[in-house]
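Here is a short briefing on aromatic rings and backbone angles. Please look over the model first, then read on.

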Amino acid sequence: QVQLVESGGGLVQPGGSLRLSCAASGIIFSRYRMGWYRQAPGKQREMVATITNGGSTNYADSVKGRFTISRDNAKNTVNLQMNSLKPEDTAAYYCNARMPLGINDYWGQGTQVTVSS
């Protein structure tokens, strides 16, 4: 069965860093576009960063220059390095795997990131 398991969330002070990781199983990982999305209380889920199976990346304007998404196809993992964190980055972060044609779309359970002093 398909599983996406996030880890690395936690409490961090403004200006600090966190590294999120998502371990995928049950899929042919290299065929999927991977992404990180986040959702704060009372707000809609938004795209944070995506990376295609060819390594092309896309970032939300609010995180560009601060966050870096990467993938390791040999380990079936996708990571999100988050630097210079701001309170507005506080949200539940979700790992996503999507087939290019949209046939399959999978989500992890999420990991909480809280940025506060």
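The model is predicted: local features need pLDDT of at least 70, side-chain atom pairs count only at pLDDT 80 or more, and totals for chains, interfaces and linings use all residues. Residues are numbered from 1 along each chain as its sequence is written, and side-chain values use heavy atoms, with hydrogens and water left out.

**Charge over rings**

- A charge sits over a ring if NZ of Lys or CZ of Arg is within 6 Å of the ring centre and within 35 degrees of the ring normal.
- Arg-45 also has its charged end over the ring of Tyr-94, 3.8 Å from the centre.

**Aromatic pairs**

- Rings of Phe, Tyr and Trp (its six-membered ring) pair if their centres lie within 6.5 Å; planes under 30 degrees apart count as stacked, over 60 as edge-to-face and the rest as tilted.
- The count by this rule is two aromatic pairs.
- Tyr-32 and Tyr-106 form a tilted pair, because their planes stand at 45°, with ring centres 6.2 Å apart.
- This pair links distant parts of the chain, 74 residues apart. Tyr-32 is in the loop between β3 (18-25) and β4 (33-39), and Tyr-106 is in strand β10 (residues 105-107). Strands (E, at least two residues) are DSSP runs, numbered from the N terminus.
- Tyr-32 is buried, at 5% relative accessible area. Buried means under 20%, exposed over 50%, and partly exposed in between (1.4 Å probe, protein chains only).
- Tyr-106 is partly exposed, at 24%.
- Tyr-37 and Trp-107 make an edge-to-face pair, with 5.0 Å from centre to centre and 70° between the planes.
- Tyr-37 lies in strand β4 and Trp-107 in strand β10, so this pair ties together parts 70 residues apart in sequence.
- Tyr-37 counts as buried, at 13% relative accessibility. Trp-107 is partly exposed, at 33%.

**Positive phi angles**

- Most residues other than glycine have a negative phi.
- Asn-76 is not a glycine, yet has a positive phi of about 55°. Asn-76 is found in the loop between β7 (67-72) and β8 (77-82). Its relative accessible area is 23%, so Asn-76 is partly exposed.
- Ser-84 is not a glycine either, and has a positive phi of about 50°. The loop between β8 and β9 (91-98) holds Ser-84. At 40% relative accessible area, Ser-84 is partly exposed.

Note on methods. Helix = DSSP H or I, 4+ residues; strand = E, 2+ residues; numbered from the N terminus.
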